[in-house]
Amino acid sequence: MAAILVLVTSVLLAGCSAFVLDGAFLPQYYRYGRSLVLVGGNLAENNSEIYNTIIELSGGRGVAKIGIINAASLDPVGGYQYYRDLFLKFGALEANRIPIDVNHTHANADPQVVSLVREQTGFFFGGGDQQRIIDTFYNPTQSGLMESPVLAALRERFNIGAVVAGTSAGTECQPNKIMINSGESWEALRYGVHTSYSDKRPHDLVYNPRGGLGFLDGFIIDAHFSERGREGRLAVLLDETRRSSHISRGFGVDENTALVVTHAESDAITGKVIGQNGVVFIDVSHAHHDPHSTYYSVSNVIFHYLTNGDLIGLRNLNITFSPTKTPMRGHEAYDHALTSSDIFYGKHRDSSHKPEFTRAATSVFDSRLDSTTYGDTYESHPTFRVTMTRTSYSVGYVERKSSFHSDITSYENLVVSIAERK
């Protein structure tokens, strides 16, 4: 009987979604289930809300043992030291380096590293290049890639309640079926999607069709989102791969912002936005792609933008706006919506202003007279136009501050189309 119990436990912990023997769960599992904290990059050292959340989901102050995985970085040791100091500052009991990277892939089968992973109550993936993470945690075989013993141990810990957190590439590596590698929005619209790099077009949209680490299923995940104008590249990737991957939803996390996922093991899976900016959800379930257009053309793409305190059910996309926000309809502050001549520029022009796509999109909900606006790409041959429409099903919520650019605005059901400008 003891041998049977050991076998059952090992099978369940290896990833089965059924029950796990009760004594195997970490204490935080009973409150949060399986959890992730997905940061969009540029996580500020003073962002106590995000650091404290990671520690809480790892068992709490004075208890949390954070395994830091810096496999995406060109400087794994230096990155570890940076995050170790921060996690200890915010109250973790331990912050331990998981010594595995592309230059030490042999460690992904080292029993001592496996043992170290099994001692942690949470994990944090640093930024860099997400493909390095995949190359580190999977081993090539004649029949494809095989999950390493270290990744299997990490999955065991996740299944019993250890949080998986990451920033930038450490967020982008988490989905199951499709993982974004690189690329820009205009190039995605002009040249489509690719599974390998081209020296001739280094800004093409490249993705890994085998996916990432697989800790979150059902979404394609992007980071540095609004700040780098990545709305176009995620919409294109979802639209171009939805029939083969059966994934029609994705989200992009802004910088210094996190989507906190709890109860990932059940239909109660929920995401909460914390931090400075927002998270864009894109749904192409009912999008129409025009195959006869000379250049890329898609309509009826649904965008949601959630900011601090907003909640979303990740099975049904039901949204609950933070009680700090109030409805915008009937309380709009401006007559007209804003347009843009560089819709995917992001935030580099003026860090005190909203990024271009966010600026135009949120202005539709703050306009008394306009229900539609547009933004054009700066790049030409062709110039693409992004049209944004507020319908009767669209709602905006806002926490008013001192100006349009400092207002904390969220919205639901913005209808977006992208096509060559005529």
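Is Tyr-334 buried, exposed or partly exposed in this predicted model? Tyr-334 has a relative accessibility of 36%, so it counts as partly exposed. Its surroundings are shown in the first view.

**Figure 1. Tyr-334 and Phe-404 form an edge-to-face ring pair.** The ring centres of Tyr-334 and Phe-404 are 5.9 Å apart and the planes stand at 90°, so the pair is classed as edge-to-face. Tyr-334 belongs to the loop between β20 (326-327) and α11, and Phe-404 to the loop between β22 and β23, so the contact ties together parts 70 residues apart in sequence. Phe-404 is buried, with a relative accessible area of 11%, whereas Tyr-334, at 36%, is partly exposed. Lys-354 also lies over the face of Phe-404, at 5.6 Å from the ring centre.

**Figure 2. Nine strands make up an open, mixed sheet.** The strand order is β3-β2-β4-β7-β1-β13-β14-β18-β19. The edges are β3 (94-97) and β19 (319-320); each has a single partner strand, so one side of each lacks a neighbour in the sheet. Helix α4 (residues 76-89) packs on this sheet and touches β2 (65-69), β3, β4 (122-125) and β7. The direction of α4 makes about 170° with that of β3. Within the sheet, β1 (residues 36-39) and β7 (residues 163-167) pair in the parallel sense through four bridges. Val-39 stands opposite Thr-167 in β7.

**Figure 3. Strand β10 (residues 205-208) pairs with β8 and with β9.** Strand β8 (residues 179-182) runs antiparallel to β10 and is joined to it by three bridges. Strand β9 (residues 193-194) pairs with β10 in the parallel sense over two bridges. Val-206 of β10 is the bridge partner of Ser-182 and also of His-194. In a regular strand, side chains alternate between the two faces of the sheet. In β10, Leu-205 and Tyr-207 point one way, and Val-206 and Asn-208 point the other way; all are buried.

**Figure 4. Phe-251 is among the residues with the most contacts in the largest nonpolar core.** This core has 51 residues, and Phe-137 and Leu-213 share with Phe-251 the place of most contacts inside it. Elements giving two or more residues to the core include β1, α5 (111-117), α6 (130-137), β12 (249-253) and β15 (278-283). Helix α7 gives the most, with five residues. Beyond its sequence neighbours up to four places away, Phe-251 touches residues including Leu-38, Leu-216, Phe-219, Leu-234, Leu-259 and Phe-281. A second, separate core of 41 residues includes Trp-186, Ile-247, Met-328 and Ala-337.

**Figure 5. Phe-251 and Phe-281 form a tilted ring pair.** The count of aromatic pairs in the model comes to 19. In the pair shown, the centres are 5.4 Å apart and the planes are at 40°, so the arrangement is tilted. Phe-251 is in strand β12 and Phe-281 in strand β15, 30 residues apart. Both Phe-251 and Phe-281 are buried.

**Figure 6. Further aromatic rings occur in a cluster and below a charged group.** Tyr-51, Tyr-82, Tyr-83, Phe-87, Phe-90 and Phe-124 are linked into a cluster by ring pairs. Elsewhere, the charged end of Arg-201 sits over the ring of Tyr-191, 4.1 Å from the ring centre.

**Figure 7. Helix α11 (residues 356-365) is mostly covered.** Of its 10 residues, 10 are buried.

**Figure 8. Backbone details are shown at Ser-168, His-263 and Pro-382.** Most residues other than glycine have a negative phi, and most peptide bonds are trans. Ser-168, in the loop between β7 and α8 (169-172), has a positive phi near 60°. Ser-168 is buried, with a relative accessible area of 12%. His-263, in the loop between β13 and β14 (270-275), has a positive phi of about 55°. At 25% relative accessibility, His-263 counts as partly exposed. The peptide bond joining His-381 and Pro-382 is cis, with omega about 5°. Pro-382 lies in the loop between β21 and β22.

Notes
Residues numbered from 1 in each chain as written. Predicted model: local features only at pLDDT ≥ 70, side-chain atom pairs only at ≥ 80, totals over all residues. Heavy atoms only, no water. Pairing = 2+ DSSP bridges. Contact = heavy atoms within 4.5 Å. Axes fitted to C-alpha atoms, helices over the stretch in contact; angles between N-to-C directions. Buried < 20%, exposed > 50% of the residue type's maximum accessible area, 1.4 Å probe, protein only. Core = buried A, V, L, I, M, F, W, Y, C linked by side-chain atoms within 4.5 Å. Phe/Tyr/Trp six-rings, centres within 6.5 Å; stacked < 30°, edge-to-face > 60°. Lys NZ or Arg CZ within 6 Å of the ring centre and 35° of its normal.
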